[in-house]
Amino acid sequence: MTVPHYRRILVKLSGEALLGGDSYGIAPETLHRIADELAEINALGVEVAVVIGGGNIFRGAGLAAAGMDRVTADHMGMLATVMNALALQDALERRDVFCRVMSAIQINQVCEDYIRRRAVRHLEKGRVVIFAAGTGNPFFTTDSAASLRAVEVGAELLLKGTKVDGVYNSDPVTDPSAQRYEKLTYDDVLSQRLEVMDATAIVLCRDQGMRIMVFDITRPGAMVEAARGEPVGTVVDP
Ligand code: UDP
């Protein structure tokens, strides 16, 4: 049996990763493909934590721009991440993968509270842990939550799913001459304002030496390859 490359990883999925053809909500076929891949990674023996976003349902900044109080809007955004987390938990359990949702805001009838030691214990037992409600604080993002949780639970890699296969020097969707980076430092990302994750998340990863790999979540198999240690995207590390 081949030994998996990583012992423990954290996957950051944006809410958008759950969209299908529509611009809102959860597409069952997309959810099931992602659950299949997470189940495959779990079966490899890699401990997997997931931080899920909520942008497919609500984003605080968008609601605030439309006139809502920002803190209330961010609370709605955090609750949206809980909905996505529950959907992913359900999809994983249908595949007989043991799974726990842990929320940064207390919502005990629905899921567990985030308690670091308990989260680590779940991971050690081979359960997939889905971290919901971001950091629990308004004005933050789930990218920041991903970097924070990755560091807290001692993940070796933060796998950041995006719509393209890495980080480019310009938008590859609109610029055919865009060049993909194989490797970047945290300071490259910050100084060139490259779209990897928000600056708060990058700074925490930099200060704690958390390696990031940006991969294409829309390509079937890419997440499993990345978890196996294959070079499928752009790596950001010291
Ligand atoms: N959010 C928050 N604090 C956090 C994480 C998220 O207030 O620590 C809110 C915020 O309103 C954000 C929404 O939850 O817009 C959804 O998260 P995010 O935009 O990061 O989701 P993604 O873009 O990854 O789908």
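Which residues have the most contacts inside the largest nonpolar core? They are Ile9, Val50, Ile130, Phe131, Leu158 and Leu159, and that core has 70 residues. A nonpolar core here is a set of buried Ala, Val, Leu, Ile, Met, Phe, Trp, Tyr and Cys residues joined through C-beta atoms within 7 Å. Buried means that 20 or more other C-beta atoms lie within 10 Å of a residue's own; 12 or fewer makes a residue exposed, anything in between partly exposed, and the C-beta atoms are placed from the backbone. α3 gives the most to this core, with eight residues.

Before going on, a word about what you're looking at. This is a predicted model, where local features need pLDDT of at least 70 and side-chain atom pairs count only at pLDDT 80 or more, while totals for chains, interfaces and linings use all residues. Residues are numbered from 1 along each chain as its sequence is written.

Leaving aside its neighbours within four places in sequence, valine 50 is in contact with Val11, Leu13, Leu38, Leu88, Val128, Ile130 and Phe131. Contact means that the C-beta atoms of two residues, placed from the backbone, lie within 7 Å. In general, nonpolar side chains in soluble globular proteins tend to be buried together.

Now for the sheet. Nine strands make up an open sheet with mixed pairing, in the order β4-β3-β5-β2-β1-β6-β10-β11-β9. At the edges sit β4 (112-113) and β9 (183-184), each pairing on one side only. Strands (E, at least two residues) and helices (H or I, at least four) are DSSP runs, numbered from the N terminus, and two strands pair if DSSP finds at least two bridges between them.

Five bridges join β10 to strand β6 (residues 157-162), and the two run parallel. Leucine 158 has isoleucine 212 as its bridge partner in β10, and leucine 159 has methionine 213. β10 also pairs with strand β11 (residues 234-236), this time in the antiparallel sense over three bridges. There, valine 214 stands opposite threonine 234.

What does the record say about all this? UniProt, in an unreviewed entry, places the feature "domain: Aspartate/glutamate/uridylate kinase" at residues 8-216. UniProt positions are given in the numbering used here, feature names are shortened, and annotations may be inferred rather than shown by experiment. The end C-alpha atoms of residues 8-216 lie 20 Å apart, and the span is 39% helix and 20% strand.

The unreviewed UniProt entry also has a "binding site" annotation covering Lys12, Leu13, Ser14, Gly15, Gly55, Arg59, Thr162, Tyr168 and Asp171. Those residues are spread over 160 residues of sequence and are also spread in space, up to 25.1 Å between C-alpha atoms. Leucine 13 is found in strand β1 (residues 8-13) and counts as buried because 24 other C-beta atoms lie within 10 Å. Apart from residues up to four places away in sequence, leucine 13 touches Ile34, Val50, Ile52, Gly53, Gly161 and Ile217. Threonine 162 lies in strand β6, and it is buried too, with 21 other C-beta atoms within 10 Å. Again not counting residues up to four places away in sequence, threonine 162 touches Val214, Asp216 and Ile217.

Another "binding site" feature in the unreviewed UniProt entry takes in Gly54, Asp74, Thr135, Gly136, Asn137, Pro138, Phe139, Phe140, Thr141 and Thr142. Although spread over 89 residues of sequence, these residues cluster in space, with a largest C-alpha distance of 14.2 Å. Glycine 136 lies in the loop between β5 (128-132) and α5 (142-152). Is glycine 136 buried or partly exposed? Glycine 136 is partly exposed, because 16 other C-beta atoms lie within 10 Å. Phenylalanine 140 is in the loop between β5 and α5, yet with 20 other C-beta atoms within 10 Å it is buried.

Finally, look around the ligand. There are 25 residues surrounding the ligand, and the closest are Gly53, Gly55, Gly60, Gly77 and Gly134; a residue belongs here if its C-beta atom, placed from the backbone, lies within 6 Å of the molecule. α3 (70-93) is one of the helices that each supply at least two residues of this shell, and α3 brings the largest share, six residues.
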